[in-house]
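Please look over the sequence and the model shown below before reading on.

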Amino acid sequence: MLKASRVEDGREGERAIDGSGPARVSRAVLRTHGSLLIAATLALTTASGLGYQSGSGQFGMLHAEPIGYIGLFQAYLLMTTLGVALWLGSTMVHTRPWHLIGILGHAAPLAANFLFWRDIERYGITHAGIAIHVSMIALETLGYWLSRPPAAATGTLTPSRAGA
């Protein structure tokens with residue numbers, strides 16, 4: 001069970017964060033997504049580095065196009081950083097913003113898959129990236145939906161009777 005500090009009646013204390021139901025699933029979504037990002041991007045960084053060095057494998061074209069390796073190296077390690085951030089976000093009381101970050105982290109790579117469709121096919125790379133990015137966006141959308149605050153906790157304002 002996670003703990004968060006809280007100030008109540010001028011005294012600092014701890015309260016347990018509800019570890020059941022939607023809040024628990026929301027945190028699990030962030031941790032799963034973060035873990036997958038860290039593992040996948042480190043593997044892809046390694047595979048692209050080997051392709052750059054040797055000229056063989058799925059990333060063999062990077063041997064002749066070093067600028068492509070430079071871009072992939074940066075992009076993959078940036079997504080590794082996003083994975084770490086999502087893991088850290090899973091420990092926060094309010095996880096909703098972290099789900100948005102998880103969604104937005106896949107928007108640019110997904111757009112690139114569509115914008116550069118022909119180039120991707122020319123190199124013989126599969127379009128699995130589309131399925132991966134759409135799946136992660138769907139997963140984070142579920143987490144975002146589950147992390148919504150209860151109606152009573154949103155601070156909904158009622159109409160003022162000042163003029164009545």
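Is the crossing of α1 and α5 left-handed or right-handed? The crossing of these two helices is left-handed; a crossing has that name if the near helix is turned anticlockwise from the far one by less than a right angle, and is right-handed if it is turned clockwise. The description that follows starts from the whole chain and returns to this pair.

**Basis and confidence**

This is a predicted model, in which local features need pLDDT of at least 70 and side-chain atom pairs count only at pLDDT 80 or more, while totals for chains, interfaces and linings use all residues. Residues are numbered from 1 along each chain as its sequence is written, and side-chain values use heavy atoms, with hydrogens and water left out. The predictor's confidence in each residue is given as pLDDT, from 0 to 100. The chain has a mean pLDDT of 84, and 79% of its residues reach 70 or more. Over residues 1–16, however, pLDDT stays under 50. For that stretch the model has 25 contacts beyond four places in sequence, a contact meaning heavy atoms within 4.5 Å. Where pLDDT is low, the predicted coordinates should not be read in detail.

**Overall composition**

The chain contains five helices and two strands, where helices (H or I, at least four residues) and strands (E, at least two) are DSSP runs, numbered from the N terminus. In order from the N terminus, the elements run β-β-α-α-α-α-α. Of the 164 residues in the chain, 27% are buried; buried means under 20% relative accessible area, exposed over 50%, and partly exposed in between, with a 1.4 Å probe and protein chains only. Among contacts between residues at least 6 apart in sequence, 60% join residues at least 24 apart.

**Helix packing**

Axes are lines fitted to C-alpha atoms, for helices over the stretch in contact, and angles run from 0 to 180 degrees between N-to-C directions.

| Helix pair | Axis distance | Crossing angle |
|---|---|---|
| α1 (residues 21–54) and α5 (residues 128–146) | within 8 Å | roughly 155° |
| α1 and α2 (residues 66–89) | 8 Å | about 160° |
| α2 and α3 (residues 96–115) | within 10 Å | roughly 165° |

The axes of α1 and α5 cross at roughly 155°, which makes α1 roughly antiparallel to α5. Angles under 35 degrees count as roughly parallel, over 145 as roughly antiparallel, 65 to 115 as roughly perpendicular and the rest as oblique. On the α1 side, the contact is made by P22, V25, S26, V29, L30, H33 and L36, and on the α5 side by M136, L139, E140, G143 and L146. This contact has eight nonpolar, three polar and one charged residues. In this classification Ala, Val, Leu, Ile, Met, Phe, Trp, Tyr, Cys and Pro count as nonpolar, Asp, Glu, Lys and Arg as charged, and the others, Gly among them, as polar.

Helix α1 also packs against α2, at an angle of about 160°, and these two are therefore roughly antiparallel to each other. The crossing of α1 with α2 is left-handed, and their contact has 17 nonpolar, ten polar and one charged residues.

With a crossing angle of roughly 165° between them, α2 is roughly antiparallel to α3. The crossing of α2 and α3 is left-handed. Here M79, L82, A85, L86 and G89 in α2 meet W98, I101, G102, G105 and H106 in α3. These residues divide into six nonpolar, four polar and no charged.

**Individual residues**

T80 belongs to helix α2 and is buried, with a relative accessible area of 13%. Residues up to four places away in sequence aside, T80 touches I38, T41 and L42.

Q53, in helix α1, is exposed at a relative accessible area of 58%. Its C-alpha atom is separated by 9.9 Å from that of Y69, 16 residues apart along the chain.

A128 lies in helix α5 and is partly exposed, with a relative accessible area of 38%. The C-alpha atoms of A128 and N113 are 9.5 Å apart.

I125 sits in the loop between α4 (117–122) and α5. With a relative accessible area of 27%, I125 is partly exposed. I125 and Q58 are 67 residues apart in sequence, yet their C-alpha atoms are 7.3 Å apart in space. Beyond its neighbours within four places in sequence, I125 is in contact with Q58, M61 and I120.
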